[in-house]
Amino acid sequence: MGILSTVTLATAQVITAIPDPDAVQPPGTQGLTDILSWAKWVALAICLLGIFTAGALMAINQRRGEGGEHTGRIGMALGGVVVISAAATLIGFLAT
């Protein structure tokens with residue numbers, strides 16, 4: 001065995017010796033979890049209303065020949081949905 005494989009083996013042994021406890025919610029924080037769930041629901045509802053509004057404005061302005069300028073609003077609303085959903089998923093991934 002070479003020096004590199006000995007170092008790799010020693011590193012692997014150190015990494016496997018590091019404890020990895022399960023994530024446990026501290027007592028008394030259930031209210032915070034509820035508030036965060038409500039905030040996520042409200043934020044996604046606002047994004048959905050933004051998509052509806054941008055779509056309605058596109059339909060109205062299409063009759064006037066100005067429909068293309070609202071696509072940026074739809075993109076921003078969809079971006080908000082992605083960020084909100086990704087935040088919850090990312091935190092859930094990092095916490096486990």
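Helix 2 has 35 residues, which at 1.5 Å a residue should span 51 Å; its end C-alpha atoms are 52 Å apart, so the two values agree. The model is predicted. From the N terminus on, its elements run α-α-α.

**Helix 2**
- Helix 2 covers residues 30-64.
- Cys47, Ala54 and Asn61 are buried in helix 2.
- An α-helix has 3.6 residues a turn, so residues three or four places apart point the same way.

**The UniProt record**
- An unreviewed UniProt entry places the feature "transmembrane region" at residues 41-60 and 72-95.
- In the model, residues 41-60 are 100% helix and 0% strand.
- The end C-alpha atoms of residues 41-60 lie 29 Å apart.

**The loop and a surface patch**
- Helix 1 covers residues 3-17.
- Isoleucine 18 sits in the loop between helix 1 and helix 2.
- Isoleucine 18 has a relative accessible area of 53%; exposed means over 50%, so this residue counts as exposed.
- Ile18 also belongs to a nonpolar surface patch, together with Val14 and Ile15.

**The whole chain**
- The protein chain has 96 residues, and buried residues make up 7% of them.
- Its accessible surface comes to about 7700 Å².
- Carbon and sulfur atoms account for 73% of that surface.

Notes: Residues numbered from 1 in each chain as written. Predicted model: local features only at pLDDT ≥ 70, side-chain atom pairs only at ≥ 80, totals over all residues. Heavy atoms only, no water. Patch = residues over 30% accessible without salt bridge, like charges linked within 9 Å, V, L, I, M, F, W, Y side chains within 5 Å. Areas by Shrake-Rupley, 256 points an atom, 1.4 Å probe, with all protein chains shown as cover. Salt bridge = Lys/Arg side-chain N within 4 Å of Asp/Glu carboxyl O. Helix = DSSP H or I, 4+ residues; strand = E, 2+ residues; numbered from the N terminus. Buried < 20%, exposed > 50% of the residue type's maximum accessible area, 1.4 Å probe, protein only. Expected span 1.5 Å × (residues − 1). UniProt positions renumbered as here; feature names shortened; annotations may be inferred.
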